[in-house]
Amino acid sequence: MIDQFINFVIRPPRADYNPEQYLWEKEFTLAGRQFKRQDLELTNARGHKLRCSHYLPSPFPEETPLPCVIYCHGNSGCRADANEAAVILLPSNITVFTLDFSGSGLSDGDYVSLGWHERDDLKIVVSYLRSERQISRIGLWGRSMGAVTSLLYGAEDPSIAGMVLDSAFSNLFDLMMELVDVYKIRLPKFTVKMAVQYMRRVIQKKAKFDIMDLNCLKVAPKTFIPALFGHASEDKFIQPHHSDLIFKSYAGDKNVIKFDGDHNSSRPQFYYDSVSIFFFNVLRPPQISSACSSKLEKYYDLGDLKVGAGMDESLLYEIITGIETESTNVPSSSSAAPRVLMTKPVSELVSEVAPLARLDPMLTRNIRPDSDEQSNSQDKPNGQSDECCSYTSSNRESWGRCSSLGGSDEESSAECTAANNGNQVTLDVLATPLKGTQQKSSGPPKEEKKKQKKQKKQKKRDSTTPKPKHEKLEKLEALSKRLRLCILKRVSHRRQGST
């Protein structure tokens with residue numbers, strides 16, 4: 001029985017697993033972003049090889065170091081225990097490093113030490129990360145044995161930014177005495193103490209550490225790293241009062257969370273949310289935009305939209321037709337709908353949109369100069385502006401219906417007027433990004449004719465005037481917004497005279 005109890009401490013069941021099956025893939029997608037798993041081996045001071053994995057963004061942002069959280073598994077644990085940590089932290093631009101401690105998982109070693117030698121393994125990992133210029137701040141997240149390991153190492157390295165300590169024990173000797181009662185080993189107290197002393201000598205001979213030295217209450221008062229404690233209220237293996245004792249004597253900034261469950265149960269979502277917020281505050285990860293690097297490319301990015309998944313492809317063909325028509329300089333007075341070969345796949349047509357727009361230097365040739373915009377803005381009714389197409393419930397449906405990319409200016413203006421039922425909303429930039437629509441004047445017919453003549457003359461001058469780059473980007477952004485709304489919201493979109 002005593003030998004079984006000794007193995008229970010220093011030689012628990014070992015996790016034997018296949019990394020390709022139980023870890024995240026080499027390349028995987030999480031929250032719409034690409035990440036990778038980088039496997040490596042480190043050697044500790046005792047010559048044992050440690051199998052490690054580092055979860056990183058793919059590609060890694062240039063000249064922007066990211067913080068890292070080292071996940072320390074518990075007794076009988078392995079690297080696979082860090083899968084949940086990766087899900088929680090990677091979307092916040094926090095990388096995750098995990099390892100099999102010596103004597104655990106696929107790493108070398110015959111025995112575990114419940115935190116004593118694991119502290120030296122953790123030191124090797126921290127040294128490796130410090131040598132990497134890609135890593136900025138470092139945090140520790142430990143569970144059970146891993147929490148004790150983090151606390152013992154944190155007392156030696158104050159440069160650690162923060163620690164999450166889940167189900168740590170305060171003193172190994174007291175824990176072993178409690179387990180005698182938990183597992184109902186009916187022996188007199190003096191007999192148990194003698195047995196523990198015998199176990200102490202055997203463990204010291206085999207695993208090379210003294211169980212009396214594993215006392216977190218000795219290091220907690222001299223540790224000042226911000227810490228978040230967590231413990232399950234029904235934990236019978238390491239009872240909650242262990243965390244309470246450490247928390248009471250801990251010298252640094254601290255907080256504690258209690259939740260339902262036992263020692264090995266999955267943690268609730270609110271606990272993971274608290275962990276995510278804690279590491280975000282102490283590690284301060286940089287805010288890296290997940291958008292495309294090119295300003296022009298982001299306007300054609302449809303996000304996670306999958307072409308052909310219940311989408312109205314005829315609508316997409318029609319929108320792309322308008323873009324291609326504009327790039328080939330079809331006269332704006334034409335009311336006939338352009339044609340697109342329906343044999344091409346939609347995804348191929350979407351990929352052709354960006355090159356067409358970029359290669360056409362006159363894509364925004366109908367944009368008026370600043371002086372003309374100022375004069376036209378004075379003629380508009382109060383409360384309206386150039387980009388006055390709002391997304392309110394009163395005109396959302398008419399916005400999708402009247403904004404025809406391939407139709408003429410007169411058609412768009414007439415349809416918008418009928419759809420808005422007298423609301424006099426001018427759809428200029430957002431409604432038809434590639435064409436300049438003209439607002440119908442409410443004045444006498446003579447004045448209207450004069451304005452039309454003046455506008456035609458201005459259009460001829462504008463066709464030869466180069467346009468600023470920022471105006472082109474604004475037009476393209478408006479086009480992208482409209483393309484997204486038309487596809488995702490499935491707006492009813494019809495073109496008069498289409499074939």
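Predicted model: local features only at pLDDT ≥ 70, side-chain atom pairs only at ≥ 80, totals over all residues.
Stop 1: Start by colouring the strands. You will find an open sheet of 9 strands, in the order S1-S2-S3-S5-S4-S6-S7-S8-S9, with mixed pairing. Now select residues 27-30 and 254-259: these are strands S1 and S9, which stand at the edges. Each has a single partner strand, so one side of each is left without a neighbour in the sheet. Turn the view and follow the twist, which averages 20 degrees from one strand to the next.

**Stop 2: one pair of strands.** As a reminder, strands of a sheet pair through backbone hydrogen bonds, either parallel or antiparallel. Select residues 49-57 (strand S3) and residues 95-99 (strand S5), which pair in the antiparallel sense over 4 bridges. Click on tyrosine 55, and then look across to its bridge partner in S5, valine 96.

**Stop 3: two helices.** Next, select residues 2-10 for helix H1 and residues 189-206 for helix H7. Their axes come within 10 Å and cross at roughly 50 degrees. The crossing of the two is right-handed.

Which residues of H1 and H7 make the contact? Show the side chains of Ile2, Phe5, Ile6, Val9 and Ile10 on H1, and those of Ala195, Tyr198, Met199, Val202, Ile203 and Lys206 on H7. By type, the residues of this contact divide into 10 nonpolar, no polar and 1 charged.

Definitions and conventions: Residues numbered from 1 in each chain as written. Heavy atoms only, no water. Pairing = 2+ DSSP bridges. Axes fitted to C-alpha atoms, helices over the stretch in contact; angles between N-to-C directions. Left-handed = near helix turned anticlockwise from the far one by under 90°. Contact = heavy atoms within 4.5 Å. Nonpolar A, V, L, I, M, F, W, Y, C, P; charged D, E, K, R; others polar.
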